[in-house]
Amino acid sequence: MKLLYFAPHQISPINSGGRLRDYQLARQLAARAFVTFVEMRRAGEEPHVSTNDCGLAGIVTLEKGRTYTPSKILRGLTGPTPMTVLNCWSAKSASQLAIVLRSRQFDTVQMEGVHLIKYLPIIREARGCPAIVIDWHNIESELMWRYVETTDNWVKKIAAMRTATLIERAEDQLLGSCATHTVTSERERQKLLARRPCANIEVIPNGVDAGYYSAKEIAGASHRTAERSSKKTILFVGSMDYHANIDAATWFSRTAWPEIARKYPHLDFTIVGRDPAPEVHALASDSIHVTGTVDDLRPFYASAVAAVVPLRSGSGTRLKILEAMAAGVPVISTRLGAEGIEAEDDFHLLLADGGPEIAAAVCRVASSAETRTRLSQAARELVYRAYDWSVIGKQLHRIHADLAKSRAPSSLRKVS
């Protein structure tokens, strides 16, 4: 089977949840098929670093052009196309993609999200009419509407409302135009089916390389780096230039951390993730540490008493929860933060929403070794059973294989 995997970003560096999902899914598919990864590079962005272990048949780079130019901003504010879609589109990229699709024949194409919708007509015209799978990392309109609910800036609120409305229209168009869709949770599947009952939507959850976060691997990583510390921490991981994580870090620091620090002065709050926004940098203090980008998360999990996911906006399922669970670190999350993960409150993790409620949950974990052990063991068993990328990769390959088989001539199907 020959498959084209089309993503709106480079395959590496793997410094965000979206890139991690695409890398791991492409890697799993490449273990079972010939996969060409088509990536997009922003103007001024460094070329990707070669990933030797992903097994891809090839990587093709499209030039994305500059994002948020005055022209694109004006068109996004006044025209029918969402800014996020405009940022991914360029005539040069479209021409490059058409050349790739003419030069070889693919059985299936996996397209990553609504932001690439303007390339859909080009994919439909490809040689052999490949089956198309649309992978939804989030319901992007839902993410934007939740941002509207949390931001206090009225200019941003109005712009986000318009963008959310335009994205909804694009999503509805996508739901009606492609045969197969994959989403990260059953909750999202039901939400999209309510909008398009006849759509074929399957769940391909986010996952984790459970072996990479084993106790042995964490110990080895901690030994090899300078990040070894006897100081125990409460950990929050995520891209710190993303609005939902910025809000989560600042809100937790304001509403929950003071009480935790008062009761457990030996604990620090450590915020780990790329490109911290000024609001996140401003949180740094004697007991709050902001690291920025790190090469390896595992040493930070080694010193963590608990991982917090205090999200109040966003969509999709959180890789940060699955990674913490695989690492054996108890998780305290808001209900929104943990949505889409088949985890039970007070068995796999603790759920809490208000600042005082989150503080109480963190204190409960910090004060009880029995609670930490019970939660971490159950959570680790869950990720090994249901969320390891190898398990998820088999599910996704089955979808592509079934689509490819249905497109093959009947004589070839009989032979196979």
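Strand S8 (residues 233–237) pairs with S11 in the parallel sense, over three bridges. Strands here are DSSP E runs of at least two residues, helices are H or I runs of at least four, and both are numbered from the N terminus. Two strands pair if DSSP finds at least two bridges between them. Ile234 has Ala306 of S11 as its bridge partner.

The model is predicted: local features need pLDDT of at least 70, and side-chain atom pairs count only at pLDDT 80 or more, while totals for chains, interfaces and linings use all residues. Residues are numbered from 1 along each chain as its sequence is written, and side-chain values use heavy atoms, with hydrogens and water left out.

**The sheet**

S11 also pairs with strand S12 (residues 331–333), again parallel and over three bridges. Two bridge partners in S12 are Val331, for Ala307, and Ile332, for Val308.

| Residue | Bridge partner |
|---|---|
| Ile234 | Ala306 in S11 |
| Ala307 | Val331 in S12 |
| Val308 | Ile332 in S12 |

These strands belong to an open, parallel sheet of six, ordered S10-S9-S8-S11-S12-S13. Its edges are strand S10 (288–292) and strand S13 (350–351), each pairing on one side only.

How well covered is strand S11? Six of the six residues in S11 (residues 304–309) are buried. Buried means under 20% relative accessible area, exposed over 50%, and partly exposed in between (1.4 Å probe, protein chains only).

**A helix residue**

Thr371 sits in helix H17 (residues 369–387). Thr371 is buried, at a relative accessible area of 5%. Beyond its neighbours within four places in sequence, Thr371 is in contact (heavy atoms within 4.5 Å) with Arg364 and Val365.

**The whole protein**

The protein has 19 helices and 13 strands. Its radius of gyration, taken over C-alpha atoms, is 22 Å, close to the 22 Å from the globule rule for 416 residues, so the protein is as compact as a globular protein of that length. That rule is 2.2 Å times the number of residues to the power 0.38. The C-alpha atoms fill a box of roughly 70 × 50 × 40 Å along the principal axes.

Buried residues make up 55% of the 416. Of the contacts with a separation of 6 or more, 67% link residues 24 or more positions apart.
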